[in-house]
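Hello,

Here is the structure I promised to pass on to you. Have a look at it first, and then read on for what turned up.

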Amino acid sequence: MPQASMTHRITDFANRANPYPVYQELRRTPVLHEEEDGPYIISSYYDIKALLHDPRISSDAANLSAPDDDELGQPDETGGLPPSFLRLDPPEHDRLRRIANSAFGPPHRPRRIESMRGEMRQIVTELIDALGDARRFDLVDQFAYPFPVTVICRLLGVPREDEPRFRAWVDPLVANLDPARQDDGDAQKTAQEARMQLGMYLAGLVEQRTKEPRDDLLSDLVNSRGPDGSMAMMEVLSTTVLLLIAGHETTVNLITNGMLTLLRHPEILARLRKDPGLSVNIVEELLRYEPPVQLLPQRTCITDIEVRGVTIPKGSRIWLVLAAGNRDPERFKDPERFDPDRGDIQHLGFGSGIHSCFGAPLARLEAQMALSELARRLENPHLVEDPPPYRPNAVLRGPRHLDIAFEGLR
């Protein structure tokens, strides 16, 4: 029986629970091109980082050759809106990202994320308290999913009384990221209706914030009057949906992968329980060791480029396998070991270059707070099933459920 192609093995669900042996094999050929119309797969840390900073590499769908990325379960984070800046190149990418950044954080809003610490801690506390007398729970459904969606509601300025409606629309959209649902007509219809209702709701909020600005992210996006001008209504909506859908799923996976890793390393979990400050290093090492975004498949070159002596022709599709680069022994000592005490954890977990993760400051803080509080409050937690069941998605990799048993709450 012939050996399956590396492209197939990367996307094969059979390897989802542990793709790292495949990546280890992949790195033996740092620039791999197996099929005439297949992608060029890049797996070394230094090559990936260089290409993420190379202006000859495009993220614009207009430059992509006919994609076969449906098998990767890529999310449609725009929901029928114009492309978000994630899928654009300079100069339009830079204009939209600068406007969004001015609303999200430094230098214009240096304390927007930091000032949410108290509110985020309260959300975490309420979610853990809600476990009550239970001695077993699903981390994904009961904690890792509701936490970031509640935070994004507060950040955008969704009124508290509308949060249940908002979550009811988001649920089917996030569920629809699962490629196993792509052939489910009812799920598709439900997601389409939710997308339409969410779009109408957000459009109403945008109109309201245009007339009556408040101290929230949506008001800043709507009323930006900086040197880059303002966003059009549809640009505001696509940026908002990007934050909501693409950012939410990655944070769920970061928290879930993080708790799974800590439960597999009980000595580090015990250290975190005694020293919550260790969460900063733990999250950075998690972003290297178990990144929620495994690869970036929507890249193409706008001219011929050479990588390690291999010429990649103009228009070719490129896969940047971030998770393989994160465990590259050329860059990291003992890369297969989870070690939050590393002195240098310059990972690719949030990408790099102009498309580095826009929501990284928020994702970091959410994961640090979630993991440190779970470690502090759960008495003797342990995995019910290892490995847990995984989502089919090869790009946004994480468990679909993570059942944890524990003896009580502190």
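For the charge count, Lys and Arg are taken as positive and Asp and Glu as negative, while His and the chain ends are not counted; each charge is placed at NZ of Lys, CZ of Arg, CG of Asp or CD of Glu. On that basis the chain carries 49 positive and 63 negative side chains, with the centres of the two sets 5 Å apart.

Please keep in mind that this is a predicted model, where local features need pLDDT of at least 70, side-chain atom pairs count only at pLDDT 80 or more, and totals for chains, interfaces and linings use all residues. Residues are numbered from 1 along each chain as its sequence is written, and side-chain values use heavy atoms, without hydrogens and water.

Now the overall picture. There are 15 helices and 12 strands in the chain, counted as DSSP runs (helices H or I, at least four residues; strands E, at least two) and numbered from the N terminus. The C-alpha trace spans about 55 × 50 × 45 Å along its principal axes. Buried residues account for 57% of the 410 in the chain, where buried means under 20% relative accessible area with a 1.4 Å probe, protein chains only.

S10 and S11 (residues 403-405) are joined antiparallel over 2 bridges, and Leu-383 stands opposite Ile-404 in S11.

Best wishes

Methods: Two strands pair if DSSP finds at least two bridges between them. Buried means under 20% relative accessible area, exposed over 50%, partly exposed in between (1.4 Å probe, protein chains only).
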